[in-house]
Amino acid sequence: MTQDEQGRPPESLTGTLIVDAIEGGKARVELADGHTEDWPLASLPRGVREGDVVRLHVEGGDLELEIDHAATRLRRGQAQAQLDALNRPAPAGDFDL
């Protein structure tokens, strides 16, 4: 979890993270800057799943986390569209090399 040098959460922070993987009591999350961290699963919203987008807001040291269902659906739809494009059949006929 992003914290200051003394291990405290920042006083003010807003952003999103993506849950990359869940294993046991840990969740690997990707932060907005692209790096990943392992967070305790219990620190994330109840019912969180792999691929969920989670909004985070820190104000005065209090951390609030909420699953962003709309952003999660959008992200999953984009991933499915990319997968569908990759799985399209190859064009028929000869091609030049």
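Which residues of strand β3 lie on its covered face, and which on the uncovered one? Select residues 36-40: E37 and W39 form the covered face, whereas T36, D38 and P40 form the uncovered one. In a regular strand the side chains alternate between the two faces of the sheet.

The model is predicted, so local features require pLDDT of at least 70 and side-chain atom pairs pLDDT 80 or more, while totals for chains, interfaces and linings use all residues. Residues are numbered from 1 along each chain as its sequence is written, and side-chain values use heavy atoms, without hydrogens and water.

**Whole chain.** Display the chain as a cartoon. The order of elements from the N terminus is β-β-β-β-β-α; helices (H or I, at least four residues) and strands (E, at least two) are DSSP runs, numbered from the N terminus. Of the 97 residues, 21% are buried, where buried means under 20% relative accessible area, exposed over 50%, and partly exposed in between (1.4 Å probe, protein chains only).

Next, select residues 26-31, strand β2, together with β3. The two strands run antiparallel and are joined by five bridges; strands count as paired if DSSP finds at least two bridges between them. K26 stands opposite P40. Four residues separate the strands, and G34 in this hairpin has a positive phi near 95°.

Now show the side chains of R28 and D38. They meet in a salt bridge, 2.8 Å from N to O; the term denotes a side-chain nitrogen of Lys or Arg within 4 Å of a carboxyl oxygen of Asp or Glu. D38 is partly exposed at 42% relative accessible area, and R28 is partly exposed at 38%.

**The core.** Select L17, V19, A27, V29, L31, W39, L44, V48, V54, L56 and I67, the eleven residues of the largest nonpolar core. Such a core is a set of buried Ala, Val, Leu, Ile, Met, Phe, Trp, Tyr and Cys residues joined through side-chain atoms within 4.5 Å. Strand β2 gives the largest share, three residues. Centre the view on L17: beyond its neighbours within four places in sequence, its contacts (heavy atoms within 4.5 Å) include V29, W39, L44 and V54.

Select R76 and D52, a salt bridge with its closest N and O atoms 3.4 Å apart. R76 lies in helix α1 (residues 69-86) and D52 in the loop between β3 and β4, so the pair ties together parts 24 residues apart in sequence. D52 is buried, at 5% relative accessible area.

Finally, select R55, E66 and D68, which are linked in a network of salt bridges.
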